Amino acid sequence: MGYGDMYPVTFTGKIFTLILIPIAIGLVTYILAQFAAALIEGKFTSEVKRRKMNAKINRLHQHIIVCGYGRVGKQVISQLEKEGKPLVVIEKNSQELENTSNLLYITGDATDDDVLISAGIKRADCLVLALPKDSDNVFITLTAKGMNPDIWIVTRAEKHESERKLYSAGADKVINTASIGGHRIAMSVLRPVSVELVENVLQNEDAFYSVEEIIVGGQSPLSGRSLKHSRIREMYGVTVLALKRGEKIINNPEPFEPLLANDIVIVFGLDEKLRKFEKVLG
């Protein structure tokens, strides 16, 4: 239309063309407007979500930072969320994290100082390094300890020779995933019944068992009393596995071992019973 090559010659054709032109223009305009609105709205919504998330992260104190949302990182995050621990995830690829509802995360490289600062490294209590490259974990450990000397760092190691380097860099606990996996396979061969029993207890969906560390408070009614006279198993339904007194760990303590203020009691039992026992002991 407009060049005269093809044009309506009848009255009916001219009327049809007059109706068709504004409808076509309106339809194209509407489609373009909807497309532009979708782009703008998506960016706006994403920006609003990012700002709200940053505000929540800035309010966190004594939280846990997890670097890496891979196979190992997801397992760590899942367990921490079950325990209700405040945490922030740092991950380069945030596509999977965008679908999570309440998980706070920072998109970026954890080896970057600004990314660690954005995650609140100076206010955090613990840093978990679940990155697949040991070199990255070593570098981040050095950086984090420089920013926050008091932070507790737990890191993954793929190679046995990397463990010493990570401890030298300032890591407080190094977990060699290959060694743990190999040990578990060997135990499944040597003691299959015992391994199955432990897995059934710890992974039972109907009853949640776990191991907890509880500090004995000075005002606790059990402070100064022996394990036997405290009747912990009878009264609270949990089992004392060990005590940590200062730097000393007392495994399988004797019945007459006293509970002293500031002792760390390692206990095993159902989550609900552990929570009740924590209130008594704390």
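**The second largest pocket**

The second largest pocket has a volume of about 280 Å³. Closest to its centre, among the 17 lining residues, are Glu91, Lys92, Leu131, Pro132 and Asp136. Please keep in mind that this is a predicted model, where local features need pLDDT of at least 70, side-chain atom pairs count only at pLDDT 80 or more, and totals for chains, interfaces and linings use all residues. Residues are numbered from 1 along each chain as its sequence is written, and side-chain values use heavy atoms, leaving out hydrogens and water.

**Pocket terms and lining**

- On a 1 Å grid over the protein atoms alone, a pocket is an open set of points with protein on both sides within 12 Å along at least five of seven lines, and lining residues have an atom within 4 Å of a point.
- A volume is the space filled by probe spheres set on the points.
- The lining of the second largest pocket divides into seven nonpolar, four polar and six charged residues.

**The largest pocket**

- The largest pocket holds about 2700 Å³ of space.
- Val76, Gln79, Leu80, Glu83 and Val211 are the closest to its centre, out of 50 lining residues.
- Its lining divides into 24 nonpolar, eleven polar and 15 charged residues.

- Ile19 is partly exposed, with a relative accessible area of 48%, which lies between the limits for buried (under 20%) and exposed (over 50%), using a 1.4 Å probe and protein chains only.

Key. 1 Å grid on protein atoms, 1.4 Å probe; cavity = no way out; pocket = protein on both sides within 12 Å on 5 of 7 lines; lining within 4 Å. Nonpolar A, V, L, I, M, F, W, Y, C, P; charged D, E, K, R; others polar.
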